Amino acid sequence: MSPQVPRDFQLGVATSSWQIEGDVTGRGLSTWDEFAQRPGAILDGATGEPACDHVRRLDEDLDRLAWLGVDAYRFSISWPRVVPGGAGQPSSAGLGFYDRLVDGLLARGIEPVATMYHWDLPLELEQAGGWPKRETALRFADYASVTAERLGDRVVRWATLNEPWCTAFPGYASGYFAPGRREPGAALAAAYHLMLGHGLAVDAMRQAGARNIGIVLNCFPVLADTPEMAEAAAHVDGLQNQLFLDLLTGKGVPAQLLARCAASTDWSFVNEADRAIMGVPIDWIGENYYTVTRVGPPAPGDWTSIAKDGDAYPDAPPLSFAPRAPLTDMEWEVIPQGLVDALHRISQAVPDVPIWVTENGAAVPESRGANGLVHDPLRVDYLSSHIAAALQARDEGVDVRGYFAWSLMDNVEWASGWTIKFGLFAVDPTSGTRAPKASAHWYRRLIESRGSFLEAGG
Ligand code: FCB
């Protein structure tokens, strides 16, 4: 059964630049372009060209958003498209693309919600040391400032970073994501400098005229599968959640992590004066929720989750990840209550700041009907139960303002390439053609029917 969604609860869809844009020749290279060239790094060898060829197909994709009837579209801006090389002069063609995107959304009555960084770091900045270096945070603020200057009059809400945990830990500790480094100490420095970049960018963007600035985290409840794993779960939670919530609220690196990760780093990059920069008040916060992290006893050779092997958590005691059925194609446990709990936790940690669920969705088995329509009932169930979970948290007092489904369309799912599909629209990676799945029709009806239960019920 579909959830009863109040009229004032915003519904949208989300995408990210590297996963959909293509047109690589129109921009600088990113860490993901280089990573995609490494044999075996991406499961099916997919690259950022053409991805969904979205740059060339902008107008038709805007029409798809209008057909869905979404209130808002969350997209990300490619740093190497706006500032090729990561520093220096912005590209007028790059900024021009986002101008067209933003104007096209507004013309269709859709709110533009822009994320400044969804993992595609300019390659040159990685070659100069990447996020483990403080300099990268300064360059990020420069890029955020020129972008805000150009689009700040029209973008309705901004996020600085998408899921800094993913850039820092799968990127620099386990190496499952670009830039593919396996250096736990560098990962901790990356997490820190990402959050410094966030704070500097908020300030720079406000000065450039942008308003409604926040950040998108992926806080996942961490559950100990057995009582003796409580300690390991606390370690994982410190790195997955507490680190980012504490830095974001000006508390600095949690004391327990300073001790827990002493074998990987001496934390010499920490500077007391940074606390206030990172803790700059924000206007809203985004939560990307897919699953919980269930920590089980070590089981050599046992299951490790996509992007979540133990190496992504520096200095963690021996553990395994032990998701319980039902699982999605990502082998992620389906547990809507985790979203309720994550929203409560965020609202307690960052009080008086409205929350949007900025990503939620599922990769599930699909089938094609005689008429060619892709049937994906498990996706509808997943979206439905998680929208209901967000509304439950709202009923319980959390200030949740809206929900974005991941994703508008199938796209290059990072290290899984095209093998994993999250889209409401099916995309044929060869021809680039798109078609709405049954879930797209369902979402469209849900958006349209918002509030009607109130009227029907009197
Ligand atoms: C999130 C990412 C998004 C997408 C989904 C499935 O972690 O932000 O780009 O890959 O997972």
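Analyst: A quick term before we start: a strand here is a DSSP run (E) of at least two residues, numbered from the N terminus. Please keep in mind that this is a predicted model.

User: Is S76 buried or exposed?

Analyst: Buried means under 20% relative accessible area. The relative accessibility of S76 is 3%, so S76 counts as buried.

User: Which residue's backbone nitrogen does the side chain of S76 reach?

Analyst: Leaving aside neighbours within four places in sequence, the contacts of S76 include T15, S16, E21, Y98 and H118. Its side chain also comes to 2.8 Å from a backbone nitrogen, and that nitrogen belongs to S17.

User: Let's turn to charges. How many salt bridges does a search of the whole structure find?

Analyst: A salt bridge needs a Lys or Arg side-chain nitrogen within 4 Å of an Asp or Glu carboxyl oxygen. Searching the whole structure with that cut-off, the number found is 38.

User: How many residues apart in sequence are the parts tied together by R134 and D274?

Analyst: R134 and D274 form a salt bridge, with their closest N and O atoms 2.9 Å apart. R134 is partly exposed at 33% relative accessible area, whereas D274 is buried at 1%. Helix α7 holds R134 and helix α12 holds D274, so the pair ties together parts whose separation in sequence is 140 residues.

User: Which helix holds the R345 end of the pair with D237?

Analyst: The closest N and O atoms of the D237–R345 salt bridge are 2.7 Å apart. D237 sits in helix α10, 108 residues from R345, which is in helix α13.

User: Is K437 buried or exposed?

Analyst: K437 forms a salt bridge with E366, the closest N and O atoms being 2.7 Å apart. These two loop residues link distant parts of the chain, 71 residues apart. E366 is partly exposed at 29% relative accessibility. K437 has a relative accessibility of 0%, so K437 counts as buried.

Note on methods. Residues numbered from 1 in each chain as written. Predicted model: local features only at pLDDT ≥ 70, side-chain atom pairs only at ≥ 80, totals over all residues. Heavy atoms only, no water. Buried < 20%, exposed > 50% of the residue type's maximum accessible area, 1.4 Å probe, protein only. Polar contact = N/O pair within 3.5 Å; in protein donor to acceptor, adjacent residues only side chain to side chain. Contact = heavy atoms within 4.5 Å. Helix = DSSP H or I, 4+ residues; strand = E, 2+ residues; numbered from the N terminus.
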